[in-house]
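Dear colleague,

Please find below the structure that I am handing over to you. My findings follow it, arranged by topic.

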Amino acid sequence: MGRIIAMAGKGGMGKTTIASLIIRRIREKKIGSVLAIDADPNSNLGEILGFKPGCDVGAILDDISANPEKVPTGMPKERFIEYQVQSAIQEEDGFDILSMGKPEGPGCYCYVNNVLRSVVSKLSKDYDYIIIDNEAGLEHLSRRTSCFADLLIVVSDASSIGLKSARRIKELSTQLKLKIKKSFLLVNRFNEDIEKRKIEETGLEYLGFLPEDPSIGELSLKGASIFTLDKNAPILTALNSLGEKIWKHN
Ligand SMILES: Nc1ncnc2c1ncn2[C@@H]1O[C@H](COP(=O)(O)OP(=O)(O)OP(=O)(O)O)[C@@H](O)[C@H]1O
Ligand SMILES: [Mg+2]
């Protein structure tokens, strides 16, 4: 079974950036196959990984609901959706990626999440790592799209607002009894360990910190892919030293 790593945290804390860095490290270390899932409806994981998005799951569901005759007779609709979703997985250089998108049609967003859950549970047999980049906030938890992650990485800056949000995520995942084997706090854009008291208040186990790295800002200004980041960039070095806890299999 693959290791499912889901990102969480308040808006703009660095989930997508860190997801892409993790994907880059796993690829460079050649420690296993990777499926990246962009589960943020305002998706940009694809862009930072340097690929042009193709068809997403939302569009597939829209198409099927507008053209129900496309479902072959005798085939259950769910089976057809599954098949279509499989074919929407893009093979990039060293990793595969699936974008969830968001259907245009009303009232079917929860259906995308149902598909996401079943896709993740099926595909976890085919990949060594599944990295899910989630949208900001708590909704992906209450919609249970991260309901069976091996690792939930809660990203926050060092601000009290960010850390409070991290605590809410921890509380909610406990309340909802999500099947998350381990949740970590990862402090982003900070150059030292935050105070122990602040870590404890989140209720999360502390993974470490990643520094503010101007080269990340430059990349996002240029719209360049994470694979063009200098291999000696401080954020990559820092991630590498935290790495074992992220990519080791239990
Ligand atoms: N360590 C860092 N050093 C410098 N800039 C960073 C760092 N981490 C993230 N950023 C920048 O912060 C911005 C937000 O990062 P990112 O998009 O990864 O956050 P997010 O949590 O995915 O946001 P959203 O909630 O909108 O999906 C981006 O412009 C990114 O380049
Ligand atoms: Mg993001």
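**Helix packing**

In this predicted model, helix H3 (residues 57-66) and helix H4 (residues 77-87) cross at roughly 140°, and their axes come within 10 Å. Angles over 145 degrees would count as roughly antiparallel, and H3 and H4 are therefore oblique to each other. Their crossing is right-handed. On the side of H3, the contact is made by Val-57, Ile-60 and Ile-64, and on the side of H4 by Ile-81, Gln-84 and Val-85. Sorted by class, the contact of H3 with H4 has 5 nonpolar residues, 1 polar residue and no charged residues.

A second pair is formed by helix H1 (residues 15-29) and H10, whose axes are 10 Å apart and which pack at an angle of about 75°. Angles of 65 to 115 degrees count as roughly perpendicular, and this description therefore applies to H1 and H10. H1 contributes Leu-21, Ile-22, Arg-25 and Ile-26 to the contact, while H10 contributes Ile-235, Leu-236, Leu-239, Asn-240, Gly-243, Ile-246 and Trp-247. The residues of this contact of H1 with H10 divide into 8 nonpolar, 2 polar and 1 charged.

**The protein as a whole**

The protein contains 10 helices and 8 strands. Its radius of gyration is 18 Å, close to the 18 Å that the globule rule gives for 250 residues, so the protein is as compact as a globular protein of that length. The C-alpha trace spans about 60 × 40 × 35 Å along its principal axes.

How many of the 250 residues count as buried? The share is 39%. As for contacts between residues at least 6 apart in sequence, 74% of them join residues at least 24 apart.

Is Phe-227 buried, exposed or partly exposed? Phe-227 counts as partly exposed because it has 17 C-beta neighbours inside 10 Å, whereas a buried residue needs 20 or more. Leaving aside its neighbours within four places in sequence, Phe-227 is in contact with Arg-24 and Gly-50. Phe-227 and Ser-33 are 194 residues apart in sequence, and their C-alpha atoms are 17 Å apart in space.

Asp-230 is exposed, because 10 other C-beta atoms lie within 10 Å and the limit for an exposed residue is 12 or fewer. Its C-alpha atom is separated by 8.2 Å from that of Ser-215, which is 15 residues away along the chain.

Gly-223 is likewise exposed, with 10 other C-beta atoms within 10 Å. Gly-223 and Gly-50 are 173 residues apart along the chain, and 8.6 Å separates their C-alpha atoms. Gly-50 is also one of the residues in contact with Phe-227.

Most residues other than glycine have a negative phi.

Phi of Lys-177 is near 55°, a positive value in a residue other than glycine. Lys-177 is found in the loop between helix H7 (160-175) and strand E7 (182-188). With 8 C-beta neighbours inside 10 Å, Lys-177 counts as exposed.

Phi of Arg-189 is near 65°, again a positive value in a residue that is not glycine. Arg-189 lies in the loop between E7 and helix H8 (196-202). Is Arg-189 buried or exposed? Arg-189 is buried, because 20 other C-beta atoms lie within 10 Å, and the requirement for a buried residue is 20 or more.

Lys-30 has its place in the loop between H1 and strand E2 (34-39). Lys-30 counts as exposed, with 7 C-beta neighbours inside 10 Å. Between the C-alpha atoms of Lys-30 and Glu-104 the separation is 38 Å, and the two residues are 74 residues apart along the chain.

Yours sincerely,
A colleague

Note on methods. Residues are numbered from 1 along each chain as its sequence is written. Chains are lettered from A and ligands numbered from 1 in the order in which they are written. This is a predicted model: local features need pLDDT of at least 70, side-chain atom pairs count only at pLDDT 80 or more; totals for chains, interfaces and linings use all residues. Two residues are in contact if their C-beta atoms, placed from the backbone, lie within 7 Å. Axes are lines fitted to C-alpha atoms, for helices over the stretch in contact, and angles run from 0 to 180 degrees between N-to-C directions. Helices (H or I, at least four residues) and strands (E, at least two) are DSSP runs, numbered from the N terminus. Angles under 35 degrees count as roughly parallel, over 145 as roughly antiparallel, 65 to 115 as roughly perpendicular and the rest as oblique. A crossing is left-handed if the near helix is turned anticlockwise from the far one by less than a right angle, and right-handed if clockwise. Ala, Val, Leu, Ile, Met, Phe, Trp, Tyr, Cys and Pro count as nonpolar, Asp, Glu, Lys and Arg as charged, and the others, Gly among them, as polar. The radius of gyration is taken over C-alpha atoms; the globule rule is 2.2 Å times the number of residues to the power 0.38.
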